[in-house]
Amino acid sequence: MSARNKAYLYILISIAIWGVAGPVIKYTLGYFDTITFLTLRFGLTSLILIPFWLVNERHHRHLFPKLTLIDWFTLIITGLMATTIQLGLLFFGFERTTAIEGTLISSMAPIFVALAGHYFLGDHITIRERVGMIIALIGTFIIVGLPNNITSILGNVLVLLANLAWTVEAILSKKLLRHNLSPLFLTTFFFLVGFISITPIYFFTNHYELSTINIPLAGWLGFTYMVFLSGIVAYSLFYKGQKTIEASEANMFTYLQPLFATPLAYFWLHEPITPIFVVGATITAVGVFVASLKP
């Protein structure tokens, strides 16, 4: 398998995990508030990743990569965008909208990433990729049915703002990967930044005390999914794949998230699926295929 095809596989797996994460987030937030959920998630993920990172770096003379102060500042900002800011906006958005609508709006992120990658990274957008992006965007708008199917304006706006934060993170992380930073180091560092930044928010805001809430096994399973699969596995695979292909191309697969989220949201959360969604999802899949097809 070529390096490019391996990158496609890594990113496709991460997108499938994140697609399923939409309904999982929606369900699990019925037992956790957003701040408690993210604080526990960032802390536990960091605790698990740090030993793996230390073992992975044991053969290197320096534990931390040699970066300039500007690069370290960029690394911290990228970590904030990837965790506390982006995921905070996303989770608060999912509290106020449906899993299907939230995932669909999240899938529009490649448009922002492609444009930002073109202007800030010099990523080349071919005519075929532009056509695929337009087709996929049309499919997304058909599914959302703007403005008739919007359940919550505030929730969807928050998810849209999370897209902007993800765009900043995607561009900055692509620049950082040019320093030959390992995906494991980036994932570990970002979640550690997230835990450090959200802990003060946890202590100075109103949140649930774990001792006072009754969380069933399914709730803890959802939390475990977000820590191990959506956190550790998906982020590591995504950054690993993004080292090989352009940022705009990597994020193009985000359009496929609704294809994984919708069946789960329908059967598990009992959110409706309309014929319009089927048409839109098909068009979106065609657009992604056209954009990612290489001669």
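In the protein chain, take the contacts with a separation of 6 or more: residues 24 or more positions apart account for 91% of them. So much for pairs along the sequence. Keep in mind that this is a predicted model.

What is the chain built from? It has twelve helices and zero strands. Read from the N terminus on, the elements run α-α-α-α-α-α-α-α-α-α-α-α. The protein chain has 295 residues, and 53% of them count as buried. The surface comes next. The protein chain exposes about 13,600 Å². Carbon and sulfur atoms supply 72% of that area.

Start the tour at helix α1. This helix covers residues 3-28, which makes 26 residues. How far does helix α1 reach from its first C-alpha to its last? The distance is 36 Å. At 1.5 Å a residue, 38 Å is expected, so the two values are close. Helix α1 also bends, by about 30 degrees at G22. A proline, P23, follows within four residues of that bend.

Now move along to helix α7, residues 153-177. V157 lies in this helix. Is V157 buried, partly exposed or exposed? Its relative accessible area is 38%. Buried means under 20% and exposed means over 50%, so V157 counts as partly exposed. V157 also belongs to a nonpolar surface patch. I153, V157, L161 and L164 make this patch, and its area is about 330 Å². Look at the numbering of those residues, then recall a rule about helices. An α-helix has 3.6 residues a turn, so residues three or four places apart point the same way.

Go on to helix α9, residues 217-242. Helix α9 has 26 residues, so at 1.5 Å a residue it should span 38 Å. Its end C-alpha atoms are 35 Å apart, which agrees. Where does helix α9 bend? The bend is at A234, and the angle is about 35 degrees.

Finish with charged side chains. How many salt bridges does the count give? The count comes to one. The side chains of E95 and R96 meet in it, at 3.2 Å from N to O. A salt bridge needs a side-chain nitrogen of Lys or Arg within 4 Å of a carboxyl oxygen of Asp or Glu, so the pair E95 and R96 qualifies. Both partners are partly exposed: E95 has a relative accessible area of 32%, and R96 has one of 35%.

Notes. Residues are numbered from 1 along each chain as its sequence is written. This is a predicted model: local features need pLDDT of at least 70, side-chain atom pairs count only at pLDDT 80 or more; totals for chains, interfaces and linings use all residues. Side-chain values use heavy atoms; hydrogens and water are left out. Helices (H or I, at least four residues) and strands (E, at least two) are DSSP runs, numbered from the N terminus. The bend at a residue is the angle between axes fitted to the seven residues ending there and the seven starting there. Buried means under 20% relative accessible area, exposed over 50%, partly exposed in between (1.4 Å probe, protein chains only). Contact means heavy atoms within 4.5 Å. Accessible areas come from the Shrake-Rupley method with a 1.4 Å probe; for residues, only the protein chains shown count as cover. Patches are made of residues with over 30% relative accessible area and no salt bridge: like charges are joined within 9 Å, nonpolar side chains (Val, Leu, Ile, Met, Phe, Trp, Tyr) within 5 Å.
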